2 protein chains.
Amino acid sequence: MLQYLSTKEDREAFIDKYDNFLFDCDGVLWEGTNTFDGVAESMTLLREKGKRVFFVTNNSTKSRSSFLKKFEGFGIKAELEEVFSSAFATAAYLKHVLQFPEDKKVYIIGMDGIKDELAAEGIRSCGGEEDAGLTDNDSVPDDKEVGAVVIGLDTKVNYKKYSKAFAYLTRNPGCYFIVTNEDTTFPQHGSFYPGAGAIAAPIIAALGRHPDAVLGKPAQNMLEAIYAESHIDPKKTCMIGDRLDTDIEFGMNGGIDTLCVLTGITTKEQLLSPDNRIRSTYYMDSFGDFSK
Amino acid sequence: MLQYLSTKEDREAFIDKYDNFLFDCDGVLWEGTNTFDGVAESMTLLREKGKRVFFVTNNSTKSRSSFLKKFEGFGIKAELEEVFSSAFATAAYLKHVLQFPEDKKVYIIGMDGIKDELAAEGIRSCGGEEDAGLTDNDSVPDDKEVGAVVIGLDTKVNYKKYSKAFAYLTRNPGCYFIVTNEDTTFPQHGSFYPGAGAIAAPIIAALGRHPDAVLGKPAQNMLEAIYAESHIDPKKTCMIGDRLDTDIEFGMNGGIDTLCVLTGITTKEQLLSPDNRIRSTYYMDSFGDFSK
């Protein structure tokens with residue numbers, strides 16, 4: 001069942017089969033500040049063949065417009081409407097699903113990507129990078145305006161942010177608890193580091209309950225948003241990712257085909273292991289190989 | 001079964017029944033920097049009646065000698081040999097159970113209490129309060145000398161500490177993962193704040209596995225240490241605490257009677273709820289009431 005796209009013919013047949021490609025970014029197009037060999041050329045090839053592409057990332061640290069700058073820096077063409085991130089999905093969820101009240105604000109454990117996407121939806125926020133560097137353990141004053149706590153990857157997290165988030169969630173009745181994505185690790189510096197799912201764990205432990213919502217893959221919110229905006233045919237759509245329990249499960253849950261690339265989290269051994277229950281439709285070494 | 005020590009006669013009969021009393025500290029003797037009314041007088045009463053007392057605390061932020069200073073400040077007599085803390089138990093476990101190699105060191109997420117107790121056992125350490133205030137997200141260099149990561153309550157925790165702890169645990173073969181105690185919250189400033197069990201949660205999530213050891217209550221390490229040093233009769237011993245899933249479970253697991261006081265975590269409603277599966281032998285409003 002799991003087909004290895006090993007030859008140029010395999011890869012061309014694969015491209016011909018689909019009209020739409022959804023891409024995870026970290027581990028597929030780039031790692032940190034380095035893009036993989038052949039990625040820009042492969043993306044150009046898809047565009048030239050008239051394919052539609054969407055970028056579906058659990059990375060909440062950047063806004064959609066910041067992602068565009070990153071694409072541009074790598075020589076990859078992309079439009080704002082093609083980018084779906086967990087921070088964007090979180091803002092959309094608060095705005096459209098929860099109809100977050102205008103007199104409330106969001107407390108953020110996370111980077112500016114969350115703050116910027118909330119602002120783009122007209123939602124006020126506090127915390128985030130503003131609270132980086134706090135080291136005191138003083139009492140947390142009440143702030144009854146906080147109606148939701150959103151937690152994403154935060155490389156400047158500290159105890160004070162946890163104290164505040166926990167205080168608002170326990171003291172403010174009905175305060176929503178939202179996690180952008182559940183990735184427990186993410187790749188950077190050629191290794192793995194604690195991810196958003198790890199950053200949120202203290203609050204889950206202290207509250208003794210799970211979040212009210214998790215927006216990132218494998219949750220279907222971003223796929224539903226793409227369908228709502230673009231009316232693409234699921235049968236002609238393939239999800240390309242590097243991580244089984246987010247990207248590939250996201251595609252499987254949505255009933256679309258999947259391609260696992262080996263430039264990120266998942267090794268060939270893990271993918272092919274008899275113990276692995278999440279199998280993509282295809283796999284290949286690197287997305288950049290499409291240009292070869 | 002659960003007896004309320006409501007009258008002076010009840011309380012005197014209770015004291016007469018036991019020779020040894022084990023005390024939790026936070027929430028029983030004090031909250032933060034304030035001792036409860038009558039605590040010093042009640043402790044003096046026990047001493048005058050020739051009772052033996054031991055202090056058994058999951059608080060890893062202070063060394064045994066720092067605890068003695070706190071007792072002294074509240075006018076409560078105590079000896080170093082009477083104090084058993086999760087930091088002390090952690091150091092003893094590394095030294096005597098794991099026979100931690102002399103050429104290895106411990107990476108600490110936690111306060112100076114852990115560092116001081118490790119040093120008292122001749123164990124080298126790094127991290128802890130030294131790494132407070134780090135906000136960079138640079139690559140974590142290898143440090144093959146780290147043979148154990150110990151996590152306790154750390155009110156100066158940050159992302160860098162998590163990155164380091166995760167790096168050593170994944171890169172250094174055989175590196176031990178030890179958590180001082182699993183309390184997910186603790187009382188301070190008249191409210192609850194994230195505790196050691198919450199602080200350790202990101203590493204548990206990122207590793208996808210539980211710690212190799214958890215030393216604090218309800219684990220039996222501190223009770224075993226008391227028995228080893230003091231040969232007291234369990235039938236004549238009572239554990240006094242404020243928290244059901246640590247203090248009271250600790251006594252129950254050790255086969256000794258238990259007294260729950262209502263000056264800390266547990267409310268009367270929680271204790272008496274039909275849903276509560278952890279019931280102490282006795283309960284009373286405040287330990288200080290013994291002096292009334």
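Q: Which residues does Asp26(A) touch, not counting residues up to four places away in sequence?
A: This is a predicted model. Leaving out those sequence neighbours, Asp26(A) touches Thr57(A), Asn59(A) and Asp242(A).

Q: Where is the place of Asp26(A) in chain A?
A: Asp26(A) sits in the loop that joins strand 2 to strand 3 of chain A. The place of Asp24(A) is likewise in the loop between strand 2 (20-23) and strand 3 (30-31).

Q: Is Asp26(A) buried or exposed?
A: Buried means under 20% relative accessible area. Asp26(A) has 17%, so the residue counts as buried. Asp24(A), with a relative accessible area of 6%, is buried too.

Q: What does Asp24(A) touch, not counting residues up to four places away in sequence?
A: With that exclusion, the contacts of Asp24(A) include Val56(A), Thr57(A), Lys217(A), Met239(A), Asp242(A) and Asp247(A). With Lys217(A) there is a polar contact between the two side chains, at 2.8 Å.

Q: Which residues does the UniProt annotation "binding site" cover?
A: According to the unreviewed UniProt entry, the annotation covers Asp24(A), Asp26(A) and Asp242(A). These residues are spread over 219 residues of sequence, yet they cluster in space, the largest C-alpha distance being 8.3 Å.

Q: Over how many bridges do strand 7 and strand 9 of chain B pair?
A: Strand 7 (residues 105-109) and strand 9 (residues 146-151) of chain B are joined by five bridges, in the parallel sense. Within this pairing, Lys105(B) has Val146(B) of strand 9 as its bridge partner.

Q: What rotation superposes chain A on chain B?
A: Two copies of a chain are related by a rotation about an axis and a shift along it. Here a rotation of 180° with 0.0 Å of shift along its axis superposes chain A on chain B, with an RMSD of 0.0 Å. The two copies are therefore related as by a two-fold rotation axis. In chain A, Asn158(A) has the C-alpha nearest the axis, 2.2 Å from it. The same surface serves both copies, as 100% of the contact residues of chain A recur in chain B.

Terms used
Residues numbered from 1 in each chain as written. Chains lettered and ligands numbered in written order. Predicted model: local features only at pLDDT ≥ 70, side-chain atom pairs only at ≥ 80, totals over all residues. Heavy atoms only, no water. Pairing = 2+ DSSP bridges. Helix = DSSP H or I, 4+ residues; strand = E, 2+ residues; numbered from the N terminus. UniProt positions renumbered as here; feature names shortened; annotations may be inferred. Buried < 20%, exposed > 50% of the residue type's maximum accessible area, 1.4 Å probe, protein only. Contact = heavy atoms within 4.5 Å. Polar contact = N/O pair within 3.5 Å; in protein donor to acceptor, adjacent residues only side chain to side chain. Least-squares fit on C-alpha atoms with pLDDT ≥ 70 in both.
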